[in-house]
Amino acid sequence: MTGPQVRLDIHYQPKGVSDVVAYGFVKALRFCADTFFAKRYGHRAVVLETVAAVPGMVGATLNHLKCLRRMESDRGWIKTLMDEAENERMHLMTFIEVAKPTLFERFVVVAAQWVFYLFFFGLYLVSSKTAHRVVGYFEEEAVISYTHYLAEIDEGRSANVPAPQLALDYWGLPTGATLRDVVEVVRADEAHHRDVNHGFANELCGRPTGDVAPCPPHVELEPHWKAAA
């Protein structure tokens with residue numbers, strides 16, 4: 001099956017010091033990931049999706065508190081950022097089924113999450129524009145990484161195993177879907193987050209928000225108490 005079409009040529013050119021800092025920081029993270037994981041894209045995804053799920057939750061929390069203090073509308077930011085955090089968490093849960101992380105990699109996940117959470121929380125307090133730009137560039141790199149992952153699968157260097165049941169249920173993939181299908185919808189999710197966060201950063205500095213790649217359809221997760229009510 002053919003997955004969602006994703007534009008691979010989108011890159012937001014840095015404008016100003018904060019954008020340059022954001023871009024340089026993300027490129028440094030990319031260098032560390034390439035050095036540590038090389039082409040073990042399944043294991044890379046487990047760690048990076050843990051980190052990727054942090055910004056949405058931080059942004060939603062701080063925007064929620066800001067709107068309470070100022071008694072103003074959030075303009076839809078809180079729900080958007082919460083959805084992003086949940087979506088990234090589902091990426092993580094999916095790739096855990098695929099990659100089966102080692103005990104050491106689980107330790108790296110815990111350490112990376114705490115370090116990045118504290119860093120990003122502080123950054124968002126100082127400059128929410130820069131924080132969203134960091135996420136935009138982070139997602140640009142995620143699109144590139146998943147494109148490389150697809151190439152690894154297509155060229156037979158990574159096994160195209162059956163898609164986990166979790167992925168079938170969440171994205172509504174058909175029976176018989178494979179890892180390749182999962183990587184395609186995950187890449188499309190990341191392209192959507194890329195454009196949303198660059199758009200948020202642009203909005204904060206008075207620039208046009210730009211187009212946003214469509215988000216692949218997926219089920220809305222409901223809490224258990226709703227089913228019991």
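The model is predicted, so local features are given where pLDDT is at least 70, side-chain atom pairs count only at pLDDT 80 or more, and totals for chains, interfaces and linings use all residues. Residues are numbered from 1 along each chain as its sequence is written, and side-chain values use heavy atoms, with hydrogens and water left out.

Helices here are DSSP runs of H or I with at least four residues, numbered from the N terminus. Met-71 is not a glycine, yet its phi is positive, near 55°. Is Met-71 buried or exposed? With a relative accessible area of 75%, Met-71 is exposed. The cut-offs are under 20% relative accessible area for buried, over 50% for exposed, and in between for partly exposed (1.4 Å probe, protein chains only).

Arg-75 lies in the loop between α2 and α3. Its phi is also positive, about 60°, although Arg-75 is not a glycine. Arg-75 has a relative accessibility of 49% and counts as partly exposed. You will meet Arg-75 again below, in a salt bridge with Glu-203.

**How α4 meets α5**

Two packed helices are described by the angle between their axes and the distance between the axes. For helix α4 (residues 103-126) and helix α5 (residues 128-154), the angle is about 135° and the axes are 5 Å apart. The axes are lines fitted to C-alpha atoms, for helices over the stretch in contact, and angles run from 0 to 180 degrees between N-to-C directions. That angle makes α4 oblique to α5; angles under 35 degrees count as roughly parallel, over 145 as roughly antiparallel, 65 to 115 as roughly perpendicular, and the rest as oblique.

Which residues meet here? From α4 come Phe-120, Leu-123, Tyr-124 and Val-126, and from α5 come Ser-128, Thr-130, Ala-131, His-132, Val-134 and Val-135. Contact means heavy atoms within 4.5 Å. By class, this contact of α4 with α5 has seven nonpolar, three polar and no charged residues. Nonpolar covers Ala, Val, Leu, Ile, Met, Phe, Trp, Tyr, Cys and Pro; charged covers Asp, Glu, Lys and Arg; the others, Gly among them, are polar.

**Salt bridges**

A salt bridge is a side-chain nitrogen of Lys or Arg within 4 Å of a carboxyl oxygen of Asp or Glu. By this rule the count comes to 14 salt bridges, including those in the table.

| Pair | Closest N to O |
|---|---|
| Arg-133 and Asp-19 | 3.1 Å |
| Arg-180 and Asp-154 | 2.6 Å |

In the pair of Arg-133 and Asp-19, Arg-133 lies in helix α5 and Asp-19 in helix α1 (residues 17-37), so the pair ties together parts that are 114 residues apart in sequence. Arg-133 is buried at 0% relative accessibility, and Asp-19 is buried with a relative accessible area of 0%. Asp-19 and Arg-133 are also linked with Lys-129 and Arg-207 in a network of salt bridges.

Glu-203 is partly exposed, with a relative accessible area of 33%.

For Arg-180 and Asp-154, the partners lie in helix α7 and helix α5 respectively, so parts that are 26 residues apart in sequence are tied together. Arg-180 is partly exposed at 21% relative accessible area, and Asp-154 is partly exposed at 48%.

Conventions. Helix = DSSP H or I, 4+ residues; strand = E, 2+ residues; numbered from the N terminus.
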